[in-house]
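Hi,

Here is the structure I promised to pass on.

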Amino acid sequence: MHSLPTLPTVPVTPDPTRVRPARADSGMPGLVGNTPVLHISEPLTPPGRGFWAKLEGRNPGGIKDRPALHMVERARARGELRPGGRIIESTSGTLGLGLALAGMVYGHPVTLVTDPGLEPSMTRLLTAYGAGVELVPEPHPSGGWQQARRDRVARLLSEHPGAWCPDQYNNPDNTSAYLPLALELASQLGHIDMLVCSVGTGGHSAGVSRVLRQLYPELRLVGVDTIGSTIFGQPARPRLMRGLGSSIYPRNVAYEQFSEVHWVAPGEAVWTCRRLAASHYATGGWSVGAVALVAGWLSRTEPAGTRIAAVFPDGPQRYLETVYDDEYCAAHGLLDAPPADGPETVRRLDQKEVTAWSRCASVVDPLTLRETASEGAGR
């Protein structure tokens, strides 16, 4: 076995914006944050190479405990969310866990809108935590399940006077919530050359990279999306993977921050999740598999000594019926399909529809691509 690199530490000023509990006798917010990092190497990388994984699955509900508590705290401070007011939001699962926690801490009822893709075990867990769960039966004709959920949220807000929606896709508090995570990474790793993040709402990739780039101006941010997602200019398709990707264009995505983006297919994420579990006893769901696949490739191809940090948003528990279920994976053609040694490279985000692991090093807001195409068609 090779020895791991020694990690220098850097002093970190205490963060005055860290969320405080609403009641002095409540210790629940103290469970969030200060998650560990783990060095990931073989079999995802050659001996002597590797990357550092930030294990956000060690939070009670995952990475989105951080923005859930922060968004609720800031809305209360501004008077947007009154004492006892209902919180209503769309979720594919992880933010729902965070909002259930925030509802307990601050004394708010929580209603979560989701779709049939949510795992039954997750629905049961959210209900056990006291949240109401509403299911939309059909996707929106053009905006998919996410738009259908957002439409239901709008209707529920009109039915519940005084209710508040975090609007995680566009709320800047979703981004600023990740300041503590960025400072934790800086303290734990001392220096970071590359940051690898999955992209869904765009919150943690934007929030963490903006802080770290102030400390490390040459930092490169690598985004990881799923095939069938519109975030980086691909056409919307039905998506099996949850927790990353979108069928809308979240405005929290900081396109200008990305050095490149990778798209990963479900079978490739499953293969990586299972290799992680068998080799490092630390794994997670779709986002973790996709991020680890990309971070492993970067650690193989970047110059020796490049320090790569990858954010693992959650753990494996909610994926026992999907990613880690042989029958489910076989039914969806996800077994025995190891990824290629590296991604296919495309020159433009919209050059072609990607169906397997691919990358693009020219990242722009896809809405500008659409505008450019419309202008060209009008000439």
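**Overall picture**

The protein chain has 11 helices and 11 strands, where helices (H or I, at least four residues) and strands (E, at least two) are DSSP runs numbered from the N terminus. Its radius of gyration is 20 Å, close to the 21 Å that the globule rule gives for 379 residues, so the chain is as compact as a globular protein of that length. That radius is taken over C-alpha atoms, and the rule is 2.2 Å times the number of residues to the power 0.38.

Before going further, a word on the basis: this is a predicted model, in which local features need pLDDT of at least 70 and side-chain atom pairs count only at pLDDT 80 or more, while totals for chains, interfaces and linings use all residues. Residues are numbered from 1 along each chain as its sequence is written, and side-chain values use heavy atoms, with hydrogens and water left out.

Along the principal axes, the C-alpha atoms fill a box of roughly 55 × 55 × 50 Å. Of the 379 residues, 54% are buried (buried is under 20% relative accessible area, exposed over 50%, partly exposed in between; 1.4 Å probe, protein chains only). Taking contacts (heavy atoms within 4.5 Å) with a separation of 6 or more, 71% are between residues 24 or more positions apart. The chain exposes about 16000 Å², with carbon and sulfur atoms supplying 53% of that; areas come from the Shrake-Rupley method with a 1.4 Å probe, and for residues only the protein chains shown count as cover.

On charge, there are 36 positive and 37 negative side chains, and the centres of the two sets lie 3 Å apart. Lys and Arg count as positive and Asp and Glu as negative, leaving out His and the chain ends; each charge is placed at NZ of Lys, CZ of Arg, CG of Asp or CD of Glu.

**Cysteines**

How many disulfides does the structure hold? The count is 0, with a disulfide taken as a pair of cysteine sulfur atoms within 2.5 Å. For Cys197, the nearest cysteine sulfur is that of Cys273, 16 Å away. Cys329 has its closest cysteine sulfur in Cys273 as well, at 9.3 Å, too far for a bond. Cys197 is buried at 0% relative accessibility, and Cys329 is also buried at 0%.

**Helix H6 and its surroundings**

H6 (residues 179–189) is mostly covered, with 8 of its 11 residues buried; among them are Pro180, Glu184 and Leu189. The buried residues of H6 pack against strands S1 (37–40), S2 (51–55), S6 (194–198) and S9 (308–312), plus helices H1 (65–78) and H7 (203–215). After H6 comes Gly190, whose phi is positive, near 80°.

His204 sits in H7 and is buried, at 9% relative accessible area. Leaving out residues up to four places away in sequence, His204 touches Ile63, Tyr178, Cys197, Ser198, Ser209 and Val311.

**Two loop residues**

Thr91 is in the loop between strand S3 (87–90) and helix H2 (94–106). Buried or exposed? Thr91 counts as buried, at 2%. Beyond four places in sequence, its contacts are Gly96, Leu112, Val113, Thr114, Arg149, Gln168 and Arg242.

Ala340 lies between helix H10 (326–331) and strand S10 (344–346), also in a loop, and is partly exposed at 47%.

Cheers
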